[in-house]
Amino acid sequence: MTSPLQHSLKGILQQRRAEHLFRQPYPVRRQGNSIFYNGKWLIDVASNDYLGLSHHSFLRKRAAEWAECYGTGSCASRLVNGTLDLHQQLEEKLARFKHNEAALLFATGWQANTSLIPALNILSRQSTGHDALIFADRLNHASLHMGCTAAAIRQHRFRHNDLNHLEALLTQEASRPGLKFIITESVFSMDGDRADIKALRTLADRFEAALYIDEAHATGVLGPDGQGLGCGLADITISTASKALGGMGAFITGSRELCDFLANFASGFVYSTALPPSVLGAIDAALELMPSLESTRLALQHKAEFLRRELARIGAKTGLSTTQIIPVMVGEASNALTLAAYLREEGFFCTAIRPPTVPLHTARLRLALNAELTIDELRRLVSLLAATFRTPS
Ligand SMILES: Cc1ncc(COP(=O)(O)O)c(C=O)c1O
């Protein structure tokens, strides 16, 4: 007899498949920006390794050396005895990199966002007696939404990058007690467009709100030395080492008081094992390389401009992307699946991004460029896509 659990599982999976929304991990092997999948090598246009650092010899060497020297595990959470000198030294470097007073490492960006927001709500309750007021962009990453869910607070969600809507919500809630936070991404992960952080700072100042910026897709890629777009403007910045820095982990930067507070109240920091030496070594090496990668960053942006131009020429819609992340909008999930499968057949690895990651009817191919792609490869990609999109008359 089928148990109630198995019955429910089968039902929900059947429904997902019927809606073309079923997902599963693809096992791949990686070499440079090539991906071995289903018996052949494909060119990677899907991953977040924007600068190709995940296989850079300098990072690999330091990760291996630190593992050799200090072991494979940190053996405890940070507040027990998992904090090594390496953590503290790296946090000082990360704070300098982001021009902030202090930094705090987390195991992942997901963990940082989901535990920061509940911690900030505790702060609001203790200091004002009321829940925090969260003003969040509608297209914020799932981890930011989950942070609000974990904190049991209702978000005031503004239309994507619509600062008039944000201003209206801030005005509406202006006299409400509770600490106010404006939360957004600097580069949106599925759209590749940017938030206007200067304008957000002005609004934050006007309404006495703190500005919380997720720089997962800007760190390493944009701003001087790859510092991102929020330097000097945000009160709280979260960055990941799992994308352009080619490793794993995340870090919060802000005031000394912010980091001291989070070290006490952010559950994802307090109750989780500290990052191990090899991971710290890779982050440390990536940071050291950052100032020398200016021409790589520029070349990446030029390739993205080239690709957007060429895609527009064949009639493909790429939304408002201005970065290395370029969505090719196809609407329905089934179209995205067909197109991704076709490109894989023809030598490019890219994934169909479907709801619930993106809103209904906005399924897309998310092209994520890396520095190793050549213009010829991009031309070939466009010529494959040209068969699908009509050329404007
Ligand atoms: C905007 C944004 N924030 C946070 C995360 C989570 O980071 P991590 O992959 O390190 O958990 C991601 C990852 O995709 C992201 O795109």
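In which loop does His361 lie?

Reply: His361 lies in the loop between S13 and S14. Strand S13 covers 352-353 and strand S14 covers 363-368. Strands (E, at least two residues) and helices (H or I, at least four residues) are DSSP runs, numbered from the N terminus.

The model is predicted, and local features need pLDDT of at least 70, side-chain atom pairs count only at pLDDT 80 or more, and totals for chains, interfaces and linings use all residues. Residues are numbered from 1 along each chain as its sequence is written, and side-chain values use heavy atoms, with hydrogens and water left out.

Phi of His361 is near 65°, a positive value in a residue other than glycine. His361 is exposed, at 52% relative accessibility. Exposed means over 50% relative accessible area, buried means under 20%, and partly exposed is in between (1.4 Å probe, protein chains only).

The loop between S13 and S14 also holds Pro356. The peptide bond from Pro355 to Pro356 is cis, with omega near 10°.

Asn38 is in the loop between strand S2 (34-37) and strand S3 (40-44). Asn38 is exposed too, with a relative accessible area of 68%.

His87 is a buried histidine, with a relative accessible area of 0%. This residue is part of helix H4 (residues 85-97). Apart from neighbours within four places in sequence, His87 has contacts (heavy atoms within 4.5 Å) with residues including Ser74, Arg78, Leu105 and Leu280.

Next comes the ligand. There are 14 residues around the ligand, and the closest are Gly109, Trp110, Asp214, His217 and Lys243. A residue counts as near if one of its heavy atoms lies within 4 Å. Helix H5 (residues 109-128) gives the most to this shell, with three residues.

A backbone N or O atom of Trp110 is 2.9 Å from one, a polar side-chain atom of Lys243 is 3.2 Å from one, and an N or O atom in the side chain of His141 is 3.4 Å from one. Taken alone, the ligand exposes 390 Å², and the protein buries 84% of that. Such areas come from the Shrake-Rupley method with a 1.4 Å probe.

Technical notes
A polar contact is a pair of N or O atoms within 3.5 Å; within protein, one must be able to donate a hydrogen and the other to accept it, and residues adjacent in sequence count only if both atoms are side-chain atoms.
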